[in-house]
Amino acid sequence: MGKIHIINKDVLKILFDAYYKPLVIYARSFNLIQAECEDLAQEVFIGLWKEKVFFTNEKVFRSYIYKNIKNKCLNAIKHKKVIEKYAIQTREHSEVKINPFNSEIELEIVKTLHRAIEILSPRRKQVIKLTLQGFRNNQIAEQMKIQLQTVKTLKSQAYHDLRNYFRELKIQPK
């Protein structure tokens, strides 16, 4: 194969047929489950189709798709670690003896925070919710398909809006 330019479905199908299974097998080497590996391999080809990418030769193409699947696998592993960490923290928090009075106050604070988040614009709300889930700015940018600087701006604006919301309630965060 010489130059590769993904401009139509026929070219994509040929490449998919040739490289899908090897990508899935490579993804399995990251100890991910089969279905997840299949999804990630499909995402690689969806990205190729959306971007209408041009490759000078097959070696460059192979390098690109294997690097792409590797990054997707590493992101999936990071995401699993965030979920596991959150589950552990939640479990540990629930095992701690809770003072009923303090838990009522904490619950009210959490409810107030979530009400405040709901008044944010959709994009600011999404950035804050992802932040609360433990995602870093670069992960949020990737997930929302926006620039890193846009994430930082949206987060800054959201924090500003939240501070104003709490000021109006006469609640001053420390």
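Modeller: Let us start with burial: a residue counts as buried under 20% relative accessible area, as exposed over 50%, and as partly exposed in between. With a relative accessible area of 19%, Glu 36 is therefore buried. Please keep in mind that this is a predicted model.

Biologist: What share of the 174 residues of the protein chain counts as buried?

Modeller: In the protein chain, 27% of the 174 residues count as buried. The chain exposes about 12400 Å², and carbon and sulfur atoms supply 57% of that area.

Biologist: How many helices and strands does the protein chain have?

Modeller: There are 7 helices and 2 strands. Along the sequence they follow the pattern β-α-α-β-α-α-α-α-α. As for contacts with a separation of 6 or more, 63% of them are between residues 24 or more positions apart.

Biologist: How should I read a salt bridge?

Modeller: Side chains of opposite charge can pair when their charged atoms come close. The structure holds 7 salt bridges. One of them joins Lys 13 to Asp 17, with the closest N and O atoms 3.0 Å apart.

Biologist: Why are Lys 13 and Asp 17 separated by about one helical turn?

Modeller: An α-helix has 3.6 residues a turn, so residues three or four places apart point the same way. Lys 13 and Asp 17 are separated by about one helical turn because they lie 4 residues apart in helix α1, which spans residues 9–28.

Biologist: Which residue forms a salt bridge with Glu 36?

Modeller: Glu 36 pairs with Lys 80, and here the closest N and O atoms are 3.0 Å apart. This pair links distant parts of the chain, 44 residues apart: Lys 80 belongs to helix α3 (residues 58–95) and Glu 36 to helix α2 (residues 34–51). Lys 80 counts as partly exposed at 30% relative accessibility, whereas Glu 36 is buried at 19%. Leaving aside neighbours within four places in sequence, Glu 36 is in contact with Ala 76 and Lys 80.

Biologist: Which residues are linked with Lys 125 in a network of salt bridges?

Modeller: The network links Lys 125 with Glu 118 and Lys 129. Within it, the side chains of Lys 129 and Glu 118 meet at 3.1 Å, N to O. Lys 129 lies in helix α5 (residues 122–132) and Glu 118 in helix α4 (residues 100–118), so this pair ties together parts that are 11 residues apart in sequence. Both residues count as partly exposed, Lys 129 at 34% relative accessibility and Glu 118 at 43%. Lys 125, by contrast, is buried in α5, as are Val 127, Ile 128 and Leu 130. After α5 comes Gly 134, whose phi is positive, near 100 degrees.

Biologist: How is a nonpolar core to be read?

Modeller: In soluble globular proteins, nonpolar side chains tend to be buried together. Here the largest nonpolar core has 24 residues, of which Ile 6, Phe 45, Leu 48, Phe 61 and Ile 69 touch the most other members. Helices α1, α2 and α3 each supply at least two residues of this core, and α1 gives the most, with 7 residues.

Biologist: Which residues does Leu 48 touch, not counting residues up to four places away in sequence?

Modeller: With those residues set aside, Leu 48 touches Ile 6, Leu 12, Val 53, Phe 55, Phe 61, Tyr 64 and Ile 65.

Biologist: Is Thr 112 buried or exposed?

Modeller: Thr 112, which is found in helix α4, counts as buried at 8% relative accessibility. Apart from neighbours within four places in sequence, Thr 112 is in contact with Tyr 165, Phe 166 and Leu 169.

Biologist: How does one describe the packing of a pair of helices?

Modeller: Two packed helices are described by the angle between their axes and the distance between the axes. In this model, the axes of helix α6 (residues 137–144) and helix α7 (residues 148–168) come within 8 Å and cross at roughly 105 degrees. Angles of 65 to 115 degrees count as roughly perpendicular, and α6 and α7 are therefore roughly perpendicular to each other.

Biologist: Which residues in α6 and α7 meet?

Modeller: From α6, Asn 137, Asn 138, Ile 140 and Ala 141 take part; they meet Leu 148, Val 151, Lys 152 and Lys 155 in α7.

Note on methods
Residues numbered from 1 in each chain as written. Predicted model: local features only at pLDDT ≥ 70, side-chain atom pairs only at ≥ 80, totals over all residues. Heavy atoms only, no water. Salt bridge = Lys/Arg side-chain N within 4 Å of Asp/Glu carboxyl O. Buried < 20%, exposed > 50% of the residue type's maximum accessible area, 1.4 Å probe, protein only. Core = buried A, V, L, I, M, F, W, Y, C linked by side-chain atoms within 4.5 Å. Contact = heavy atoms within 4.5 Å. Areas by Shrake-Rupley, 256 points an atom, 1.4 Å probe, with all protein chains shown as cover. Axes fitted to C-alpha atoms, helices over the stretch in contact; angles between N-to-C directions. Parallel < 35°, antiparallel > 145°, perpendicular 65-115°, else oblique.
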